[in-house]
Amino acid sequence: MPLARSLSITSLSGLEEWDEEFDLEDAVLFEIAWEVANKVGGIYTVIQTKARLTAEEWGENYFLVGPYVESNVRTQVELIEPTNPALKRAIDKMNSSGCKVYFGRWLIEGSPYVVLIDVAFTAWNLDKWKKELWDNFSIGVPWFDREANDAVLFGFLTAWLLGEYAAQCEEPPHILAHFHEWLAGLGLALCRQRQLPVATIFTTHATLLGRYLCAGSVDFYNNLADFNVDKEAGDRQIYHRYCLERTAARCAHVFTTVSQITAVEAEHLLKRKPDIITPNGLNVKKFSAMHEFQNLHAQSKNRIQEFIRGHFYGHLDFNLDKCLFLFIAGRYEFSNKGADIFLEALARLNYLLRVSCVCACPALCVCVCVHVYQKMCVRLESIQTPQLFPHFVSGQLPDVSKMLSKDDFTMMKRAIFATQRQCQPPICTHNMLEDSNDPILTCIRRIGLFNSSADRVKVIFHPEFLSSTSPLLPMDYEEFVRGCHLGVFPSYYEPWGYTPAECTVMGIPSISTNLSGFGCFMEEHIADPSAYGIYILDRRYRGVDESCNQLTSYLFQFCQQSRRARIIQRNRTERLSDLLDWRYLGRYYISARHMALAKAFPDTYFYQPHDSDTAQGFRYPRPASVPPSPSLSRHSSPRQSEAEEDDDRYDEDAEAEKDRLNIRQPLTLPSKKGPALPYTLPGANGEKNGATGVKN
């Protein structure tokens, strides 16, 4: 048995213990974002998945504010009359003054209240509000930037709503407004400029300038302190947007961001250090499959295999049962999302697999089904075969020549000839309008991955969202991820990274980087991330070629794993789900909200932060079944599961129990609606929850 390693404990925490509970009866929370009931980015996932727990904490005093988009409202929002009397009077006052403001319930889990503002209906105020923006903040917005114009309209309308609500309250209100990203940030600055009784929080999920700089192929993270931010923003014609973002960050009572790597970025680019880190979570219950997730993986994998048979008909010269499916997904940013080094690593992996004679078939992204293959199957199914039962009962094996008629043989030959193709297998599932300029297709041509018979790595590029209603392959993204073996996300700029997080909660190993918030979070809380299927690529302190070699090494090692080893690894990966659940990560938002209320209303609320460096938490240890050093007695080349020896060192239930001890059990927080919240409000020493260390 290998020696178990006992590690020092550090961790999930960093949260302080409050000296008294906050009474939220007289407080109202407005959460404001352009992505409320409007799926246009990753912030939509943050707000949608967090809404249930926030609604349980704040009850009837929680309102989301976003833009009115008619197509979204028809399918996602139930319009009703406002339930809060002061808010109803405020909305009526705005509507009578030339606005269109709607109230309803967002039809997601938790059914939170939403206030939707029709931005286009008040566009006649744009010039007047731009002048006010220039007079008060010296920020000029050009007429041709439609997105910035929408930000101006949305900002003034949300500030109007908050100010009107404060005026309609009978008693002095305690309003907390949480603004997400620069599109909503102007409303925060106006609240401070107009001295409204509003406690404000601003969360940046990615800085504007950081995204633009990384897309420009600069050594971003190693030169953060050297950038002339005003010049860089001006050169990229986003200076007005950058000013809106920086103003919101500087004016907020509490400034937060989603990861430590983004906090460093914000400190240099926005000139303010975040007060607290608020990592992004997921509603893990939605993805939970308990002991069925391995079966779901097999079912989805079979559907992907059916596609592969169709996509490569006429060129199916590999064994699908010995193929591995690798994928990358996300916003189409070729360099920022790491598609460049992923493709280069696939080319190098292809060479290694050819040299080592390992049969593997990683797929970049799969979502298509070829109808020719389906027609061929229908024709072959029409072949009539005699009854086999009489042969069996007579103790004789059937003669193949007597089972099929000459017509059957003729039909089979015609079907086989019909599937033969002289051209190369396709790379892309769609006809691209300008494929000569597409960065992914251009890179594939350069590295020479053309799906030839000699290639052990086959690449499929699907430039469209996956959907269960697709006429090509009716699979949702979640189903597709479950059917793959490894998600590869070697991003250069990734403030958080929902794609590897979604892989984790579905039990699929993934590759991330130390420049992503998710990668840094996992490095902090897991002693040996790769043992749990979380591979962290070093892109901060290595050159592109070194990072590409490291990625190739990870991929090659993964291809060498046996089927049993991959199953064990998926079990470990799935057990990390609790680390990413909102019932744990939601407490960072609780801390930020309490901090903002205490700063804005010191006579009513008190918050005494502690030194986060002294806070203790928990860290996943290295799994006991993983040897502390490479074992020379084990075979280094891949071995098939049929010939594998049983590994006595692995005990699934014992390992799972040890891992569960490393996350504190949540305390209950009294809520305004329904049962007590599954939130943890940890102390600095962890004594309140009964778990004080790592047990080996």
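Reply: One cut-off first: a residue counts as buried when its relative accessible area is under 20%. In this predicted model, C191 has a relative accessibility of 1%, so C191 counts as buried.

Me: How many disulfides does the structure hold?
Reply: The structure holds zero disulfides. C548, for instance, is in none, and the nearest cysteine sulfur, which belongs to C443, is 9.5 Å away.

Me: And is C548 buried or exposed?
Reply: C548 is buried, its relative accessible area being 2%.

Me: OK, rings now. How many aromatic pairs are there?
Reply: The count comes to 25 aromatic pairs. One of them joins Y239 and Y242 in a tilted arrangement, with 6.4 Å centre to centre and 40 degrees between the planes. These two tyrosines are three residues apart in helix 9 (residues 239–251), so about one helical turn separates them. Y239 is partly exposed at 36% relative accessible area, whereas Y242 is buried at 0%.

Me: What about W496 and F521, how are their rings arranged?
Reply: W496 and F521 form an edge-to-face pair, 5.7 Å centre to centre with 65 degrees between the planes. W496 lies in the loop between strand 11 (486–488) and helix 20 (498–505), while F521 is in helix 21 (residues 517–525), so the pair ties together parts that are 25 residues apart in sequence. W496 is buried at 4% relative accessibility, and F521 is buried at 6%.

Me: Switching to the surface, which residues form a nonpolar patch there?
Reply: Y351, L352 and V355 form one, with about 300 Å² of accessible area together. V355 belongs to helix 13 (residues 339–356) and is exposed, with a relative accessible area of 54%.

Conventions:
Residues are numbered from 1 along each chain as its sequence is written. This is a predicted model: local features need pLDDT of at least 70, side-chain atom pairs count only at pLDDT 80 or more; totals for chains, interfaces and linings use all residues. Side-chain values use heavy atoms; hydrogens and water are left out. A disulfide is a pair of cysteine sulfur atoms within 2.5 Å. Buried means under 20% relative accessible area, exposed over 50%, partly exposed in between (1.4 Å probe, protein chains only). Patches are made of residues with over 30% relative accessible area and no salt bridge: like charges are joined within 9 Å, nonpolar side chains (Val, Leu, Ile, Met, Phe, Trp, Tyr) within 5 Å. Accessible areas come from the Shrake-Rupley method with a 1.4 Å probe; for residues, only the protein chains shown count as cover. A salt bridge is a side-chain nitrogen of Lys or Arg within 4 Å of a carboxyl oxygen of Asp or Glu. Helices (H or I, at least four residues) and strands (E, at least two) are DSSP runs, numbered from the N terminus. Rings of Phe, Tyr and Trp (its six-membered ring) pair if their centres lie within 6.5 Å; planes under 30 degrees apart count as stacked, over 60 as edge-to-face and the rest as tilted.
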